[in-house]
Amino acid sequence: MKLVIDGYNLLFKIFHKEPFSILEEERDYLAEMLFSYKKIKKHKIMLVFDGERADKFQIKGVSVVFTDAGVSADRYIMDYATKDRGVVVVTSDNEIINYVSALGVTAIRSEKFAMKLEEALYSAVKGEEILEFDDYSLPGKKLKKRKRKQKRIDRKL
């Protein structure tokens, strides 16, 4: 599974603070967290940030992309999802979610992914798995195709 993550969106959901405090350190820490997550889950991860000049590099196996000044991270993610529909997009931006969902690409809200990230890192440190309760499957009821797909993706995260 390849995750394409709206970098600043996830950053602000995890650190719960005003933007642009000690941004460079927070970006590096986020990349470190995602590297640990990548080791646990074996997913490919691309972290996309708005930038002033285009730049692509790796931080411990996590692809980091800074977009060009004329291209927003949102536009980059939408274009990437158009080309590679097998990705899972992590964002809380409704415009991106609606766009990629119309393409058939799975989108996960940043808040939900932040929880999954923390659970995975906690489980790795403590050596115990966090139990999830299946709150929306009832006997005799089959979930809609989109819900079943979402549930499969959730289990992999």
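**Reading a predicted model**

Author: H43 lies in the loop between α2 and β2 (44-49); helices (H or I, at least four residues) and strands (E, at least two) are DSSP runs, numbered from the N terminus. This is a predicted model, in which local features need pLDDT of at least 70 and side-chain atom pairs count only at pLDDT 80 or more, while totals for chains, interfaces and linings use all residues. Residues are numbered from 1 along each chain as its sequence is written, and side-chain values use heavy atoms, with hydrogens and water left out.

Reader: Is H43 buried or exposed, and which residues does H43 touch?

Author: Buried means under 20% relative accessible area, exposed over 50%, and partly exposed in between (1.4 Å probe, protein chains only). H43 has a relative accessible area of 6% and is therefore buried. Contact means heavy atoms within 4.5 Å. Leaving aside residues up to four places away in sequence, H43 touches M1, L3, Y37, K38, K156 and L157.

Reader: What pLDDT does the protein average?

Author: pLDDT is the predictor's confidence in each residue, from 0 to 100. The protein averages 85, and 87% of the residues score at least 70. Over residues 133-138 the pLDDT is below 50, and this stretch has five contacts in the model beyond near neighbours in sequence. Where pLDDT is low, the predicted coordinates should not be read in detail.

Reader: How many aromatic pairs are there?

Author: A pair of aromatic rings is described by the distance of the centres and the angle of the planes. Rings of Phe, Tyr and Trp (its six-membered ring) pair if their centres lie within 6.5 Å; planes under 30 degrees apart count as stacked, over 60 as edge-to-face and the rest as tilted. The count comes to seven aromatic pairs. One of them, F15 and Y29, is tilted, with 5.9 Å centre to centre and 50° between the planes. F15 lies in helix α1 (residues 7-15) and Y29 in helix α2 (residues 23-41), so this pair ties together parts that are 14 residues apart in sequence. F15 is partly exposed at 22% relative accessible area, and Y29 is partly exposed at 48%. The rings of Y76 and Y80 are stacked, because their centres are 6.4 Å apart and their planes are at 20°.

Reader: Where do Y76 and Y80 lie?

Author: An α-helix has 3.6 residues a turn, so residues three or four places apart point the same way. Both Y76 and Y80 belong to helix α3 (residues 73-83), four residues apart, about one turn of the helix. Y76 and Y80 are both buried.

Reader: Which residues do ring pairs link into a cluster?

Author: The cluster consists of Y8, F12, F49, F57 and F66. The charged end of R27 sits over the ring of F49, 5.9 Å from its centre; the criterion is that NZ of Lys or CZ of Arg is within 6 Å of the ring centre and within 35 degrees of the ring normal.

Reader: Which residues of α1 are buried, and what covers them?

Author: The buried residues of α1 are G7, Y8, N9, L10, L11 and I14. Their cover includes β1 (2-6), α2, β2, β4 (62-66) and α5 (110-126). A114 is found in helix α5 and touches L10 and I14, not counting residues up to four places away in sequence. At 6% relative accessibility, A114 counts as buried.
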